[in-house]
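Subject: A structure for you to explore

Hello! Here is the structure I promised to pass on to you.

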Amino acid sequence: MKSYQVVGIGNAIVDVFSTADDSFLDLMGIQKGIMQLVERERGELLYGAMTNRQQAPGGSVANTLAGLGSLGLTTGFIGRVHDDALGRFYARTMAEEGTDFVNPPVPGGELPTSRSMIFVSPDGERSMNTYLGISSELGPDDVSDDVAGSAEILFLEGYLYDKPKGKQAFERAVELCHAAGGKAGIALSDPFCVDRHRDDFRRLVKSLDYVIGNEHEWSSLYQTDLSAALEQASQDAGLVVCTRSGSDVIILRGDEKAVAPVHRVVPVDATGAGDQFAAGFLYGLATGQSLAVSGRMGCIAAAEVISHFGARPEADLKGLFRKEGLI
């Protein structure tokens, strides 16, 4: 049986990029600079309208795993793709980038592979149109004992909580991971996601070893100001991480508090900042670093990814950690 340092569960989404000017966005009725969910028909229309398509495997937790893989950890990803061209591309590319895509593409009359049509304007703004497809059907049957039960660290994506089957997949994975002595945690993903499932998330947090969220997500979870929210969170979860856009990261574990400084950089493309923060932080956690060092690793990985297009690291993150004297 293979053991993994980090196993992630999340949406397996192919990011499809095309350049587009404002008049094209207006013509297609695309709202600039935001992420919109689209239905299948609309997704196919937009996909067909893309001129110079480039594609890459995406999805929040999958991006984090790619960062961890680039740092040399053994990683596995529990996701769901259809046995179509995009699904096979996704599974193959994840494997080539060093992460086991553990579930084979699903054949038959299922929904197509999830995709996000991303139109990049000349000013660098991204307008994302996401068709959730088959990945949102991920359920407990997709979670194998072998994989979740051999994870030192399990990392969950909050977005999957929107579907009952996704919740069940999480609960099963957490149980298997804990039974084998692993640590399980989640990224809260999005304040609106937290709003929709507040009671469930509050219950879930109490069963987890670590929770990563930004200031808006924590405030939304406990419906109070940040300091009161973090005080409550640190009583509920084993380890609490709070990122604040451009400000120091706060990390709490019981009575222990650490602060990781952020060096501000002007983003070229802010996509993936949270995903790569999680990668750096979990790398620190997996390799036994202190909270402050783990937090700093997260900040460095986030700063790297926003310095270029795309949601996955391009520079040698270990080299950057060395330069800062962290390893």
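Does Gln223 count as buried or exposed? At 56% relative accessibility, Gln223 counts as exposed; the cut-offs are under 20% relative accessible area for buried, over 50% for exposed and partly exposed in between, with a 1.4 Å probe and protein chains only. Gln223 sits in the loop that runs between helix H9 (215–222) and helix H10 (226–236). Its phi is near 50 degrees, a positive value in a residue that is not glycine. Helices (H or I, at least four residues) and strands (E, at least two) are DSSP runs, numbered from the N terminus.

Before you go further, please keep in mind that this is a predicted model, where local features need pLDDT of at least 70 and side-chain atom pairs count only at pLDDT 80 or more, while totals for chains, interfaces and linings use all residues. Residues are numbered from 1 along each chain as its sequence is written, and side-chain values use heavy atoms, with hydrogens and water left out.

Now for the inside of the protein. In soluble globular proteins, nonpolar side chains tend to be buried together. A nonpolar core here is a set of buried Ala, Val, Leu, Ile, Met, Phe, Trp, Tyr and Cys residues joined through side-chain atoms within 4.5 Å. The largest one has 54 residues, and Phe77, Tyr90, Phe119, Phe155 and Phe281 touch the most other members. Helix H11 (residues 273–286) supplies the largest share of this core, seven residues. Another core, of 41 residues, lies apart from it and has Ile9, Leu188, Cys193 and Leu221 among its members.

Next, a pair of serines to find. Ser114 lies in strand S7 (residues 114–120), and Ser135 in the loop between strand S8 (126–131) and helix H5 (145–148). Ser114 is buried, because its relative accessible area is 0%, and Ser135 is buried with a value of 0% too. Their side chains make a polar contact with each other (2.8 Å); that term means a pair of N or O atoms within 3.5 Å, where within protein one must be able to donate a hydrogen and the other to accept it, and residues adjacent in sequence count only if both atoms are side-chain atoms. A polar atom of the Ser114 side chain also lies 2.2 Å from the backbone oxygen of Leu132.

What about the cysteines? Taking a disulfide as a pair of cysteine sulfur atoms within 2.5 Å, the count comes to zero. Cys242 is in no disulfide, and the nearest cysteine sulfur, that of Cys299, is 11 Å away. Cys242 is buried, with a relative accessible area of 0%. Cys177 also counts as buried, at 0% relative accessibility. The C-alpha atoms of Cys177 and Asp146 are separated by 9.8 Å, although the two are 31 residues apart along the chain. Asp146 is found in helix H5 and is partly exposed, with a relative accessible area of 48%.

A pocket is an open set of points on a 1 Å grid over the protein atoms alone where a 1.4 Å probe fits, with protein on both sides within 12 Å along at least five of seven lines; lining residues have an atom within 4 Å of a point. Of its 17 lining residues, Phe17, Gln54, Arg126, Phe309 and Gly310 are the closest to the centre.

Enjoy exploring!
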